[in-house]
Amino acid sequence: MDAIVLQILNGLDKGAAYALIALGLTLVFGTLGVVNFAHGALFMLGAFCAVTMQYLLTLSTRVKDESITFFEAYKEVPYLEGWFGDWGRMIIDYSVPISILLTIPVMLIFGVVMERGLIRYFYKRSHAEQILVTFGLAIVLQEIIKAVFGANPVPIQAPSAVAGSASIGEWFGLGPAISYPWWRLVYLTFSVVVLAGVFAFLQLTTFGMTVRAGMRDRETVGLLGIDIEKRFIIVFALAAIVAGMAGTMYAPILAPNYHLGMDFLVISFVVVVVGGMGSLGGAVLAGFLLGILQSFASMTEVKDIFPGIDQIIIYLVAVVILLVRPRGLMGRSGIMET
Amino acid sequence: MSIIDKKSLTRRTLLKGSAAGATLLATPYFFTKGAYAAEYCNMPGGDTVTLGFNVPQTGPYADEGADELRAFQLAVKHLNGEGDGGMLNTFKPSNLKGNGILGKKVAYVTGDTQTKSDAARASAKRMIEKDGALMISGGSSSGVAVAVQSLCQETGVIFMAGLTHSNDTTGKDKRRYGFRHFFNAYMSGQALGPILAQEYGKDRKAYHLTADYTWGWTQEESIKNATENLGWETVAAVRTPLGAGDFSQYLTPVLNSGADVLILNHYGADMVNSLRQAVQFGMREKQVNGKDFQIVVPLYSELMAMGAGEAVKGILGTANWNWQLDNDGTRAFAKSFGEEYGQPPSQAAQTCYAQTLLYANACETAGEFTPPAVIKAMEGFEFDGLGNGQTLYRDADHQCFKPVLVVKGKENPENQFDILEVVEVVPTEKVMYDPSIFGGELGPYEVQGC
């Protein structure tokens, strides 16, 4: 029982990351008709916003270690700590939430530049060409990050107030054995809020209504005198911001490295396909579903019966769903079909 | 009238005769030196000798590879008599003169293993066939080392393994042409076991998470055997895919398993993630079976420890070498490397530097480059002054035997490179073993060549 509750939590957590990336992928695909293989790289860039913020906040005076004579060895004292004492330490401690302030403008600018500078030239070209160019872009971004930050993962600390684990079991009277890291709970809550925010934005605002109309029938919306392209640029930037924020908040869970984007990209595409191309709800549902299935497949009891199932479960489910429901869980007809 | 009939002495017969004469004169050498020069791969003809350094320049171990390459370049410099000489000055017994190898200047080519066996093999093949590399060294994964080593055996080129820790490299997959200076998983288990029992007691329940490839399997087996001999119980050993990233689904079962020690047979990025996530799951504050829960990392590396940040403090593991050791070789190497690159060498760098010097010295000892002679010069070679103290290159399996370090993540580092502290230097006899326990055959000295 305890194990099951914990694996559901793990699954929700993983699923939240998949859902946030897949949501952006589906948004871009549904509005602009572009298959964006650079979307995983946007997640990775978000994580490196957290790395950059941590670096900026911990800029340090270097006190040389005199015992070492043949290279520069020093102990670092961050300026913030030197200037503001405990306040400075607290700001450094909260570097991950603070980095969201950096992530949003960075991803907004990056999203707009990417769309205007590259993606828009590929609207009318085949999906194969879109995949090639965005995949190329992902590799370029990855190599730039590697050149700047190195190939090793960079550890990011969650704020110390939420660095440990919460005894969830006691809250719900399930016994003390169930405890779960605070930061993962924060991440889950954050994801749900962001997902709800994006849905509310699309469902409840006029802007959102226009975008949804444009997704359904671009031509008619155009004939009504609405410049749908301008709105789609904003949607692209929004997808970039969502992916970036997901990456930033995920940094304390998974030490960011330059390869992070590729690791998530493949799974996110499976999520989109299982959820149904172009379906936002489907992407979110499939994200959580696959996350949970992946967690259960890694349980020792399951692996004893089906060895190696943890590594293929996602693809196995994708195959089964595509056989039973060729358009995915919530896919509509007419998308990527001619 | 001359003795020779002029008519019969045409130019053709003269040529034939001298050719036959030359063959006859050369015959005795056919079975010794001259023949090897023709048959063995890339025997140096001019005044340079080319070594091939095959390291991960891209992929997850790229930083480790970069450090190995730095060490190789430094070793080449010192062999050619440039710089301050580093461990050339402390290495004994040594026939190295600082004028290259056997008077030929050392040059090198580099390749990228990408930490993939197939890419590593292709790049080693390119260095042997196209660049004329006489020796191949490097690597930062046991999978790569085993693959390249067997290629080197086929082509008759000596392979001086870099960082590889699987028992298989000098165990079931050992080769006559392959040599390893780095220690292995078995030695880690033998060195670490008693310290674990001393620190955490003899009544412990261990849970292993293991990287699912040759190195992970042999490390799991070695640590399991060592700890079980001390009275520990192994609750479970779970294999995790390489590069899993998020290990939460493998970590949560640990909490309910009744285990009170978690042993992470992970390396590189996997290690950084699994260790930090285990800490986030509150494992270091937990109490199980009335004891403090403990995490152990059997193979440590400095680069990895830097990546794990706060999480490594107080965690026990083993290492092949550390730049803060107190001996002449280490001091000379750390100084030389530090002045050259502005940072201390990692254990990967030290093993690669040592391997290059050991190969060069074996050529000098043999007085020739022919691989069988060089191999024989290295087999059973005993030396000191390369940072590890008295060391033996065992002839039976080409494994180096030297003291093993048990290390711990330092609680209060003095500077940014001061990450590990040496808890104990475990003497060689404690980590010695009978080569037959891992099986495998070295194979022949004489091979077909390239």
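In which helix of chain B is B:Ala354 found? Look for helix α12 of chain B, which runs over residues 347-366: B:Ala354 is found there. As you explore, keep in mind that this is a predicted model.

Let's stay with this alanine for a moment. B:Ala354 has 28 other C-beta atoms within 10 Å, and a residue counts as buried at 20 or more, so B:Ala354 is buried. Which residues does B:Ala354 contact, once its neighbours within four places in sequence are left aside? They are B:His181 and B:Leu386. For another view, compare B:Ala354 with B:Pro413: 59 residues separate them in sequence, and their C-alpha atoms are 28 Å apart in space.

Now step back to see how chain B is divided. Its domain assignment gives domain 1, made of residues 48-183 + 323-402, and domain 2, made of residues 186-319. Between the C-alpha centres of these two domains of chain B there is a distance of 30 Å. Where the domains touch, 15 residues of domain 1 of chain B are in contact with 16 residues of domain 2 of chain B. On the domain 1 side of chain B, the elements that give two or more residues are α3, α5 (142-155) and α12 of chain B. Of these, α5(B) gives the most, with 3 residues. Sorted by class, that side of domain 1 of chain B has 5 nonpolar, 7 polar and 3 charged residues.

Next, follow the loop of chain B between α3 and β2 (105-112), where B:Pro93 has its place. The peptide bond joining B:Lys92 and B:Pro93 is cis, with omega about -5°. B:Leu102 also lies in the loop between α3 and β2 of chain B. Its backbone is worth a look: B:Leu102 is not a glycine, yet it has a positive phi of about 50°. Is B:Leu102 buried, exposed or partly exposed? With 16 C-beta neighbours inside 10 Å, B:Leu102 counts as partly exposed.

A further positive phi turns up at B:Asn289, a residue other than glycine whose phi is near 50°. You can find B:Asn289 in the loop between β9 (287-288) and β10 (291-292) of chain B. Because B:Asn289 has 11 other C-beta atoms within 10 Å, it is exposed.

Time to bring in the other chain. How many residues of chain B are in contact with chain A? There are 39, and they meet 40 residues of chain A. On the chain B side, the elements that each supply at least two residues are α3 (62-79), β7 (233-240), α8 (248-255), α9 (268-280), α10 (302-308) and α11 (328-341) of chain B. The most comes from α8(B), with 6 residues. This side of chain B divides into 16 nonpolar, 15 polar and 8 charged residues.

Finally, visit a pair of helices within chain A. Two packed helices are described by the angle between their axes and the distance between the axes. For helix α5 (residues 95-117) and helix α11 (residues 228-250) of chain A, the angle is about 145° and the axes are 8 Å apart. The crossing of α5(A) and α11(A) is right-handed. Among the residues that meet here are A:Ile100, A:Ile104 and A:Phe110 in α5(A), and A:Phe236, A:Ile241 and A:Met245 in α11(A). By class, this contact of α5(A) with α11(A) has 14 nonpolar, 5 polar and 1 charged residues.

Conventions. Residues are numbered from 1 along each chain as its sequence is written. Chains are lettered from A and ligands numbered from 1 in the order in which they are written. This is a predicted model: local features need pLDDT of at least 70, side-chain atom pairs count only at pLDDT 80 or more; totals for chains, interfaces and linings use all residues. Two residues are in contact if their C-beta atoms, placed from the backbone, lie within 7 Å. Helices (H or I, at least four residues) and strands (E, at least two) are DSSP runs, numbered from the N terminus. Ala, Val, Leu, Ile, Met, Phe, Trp, Tyr, Cys and Pro count as nonpolar, Asp, Glu, Lys and Arg as charged, and the others, Gly among them, as polar. Axes are lines fitted to C-alpha atoms, for helices over the stretch in contact, and angles run from 0 to 180 degrees between N-to-C directions. A crossing is left-handed if the near helix is turned anticlockwise from the far one by less than a right angle, and right-handed if clockwise. A residue is buried if 20 or more other C-beta atoms lie within 10 Å of its own, exposed if 12 or fewer, and partly exposed in between; C-beta atoms are placed from the backbone. Domain bounds come from an automatic or database domain assignment.
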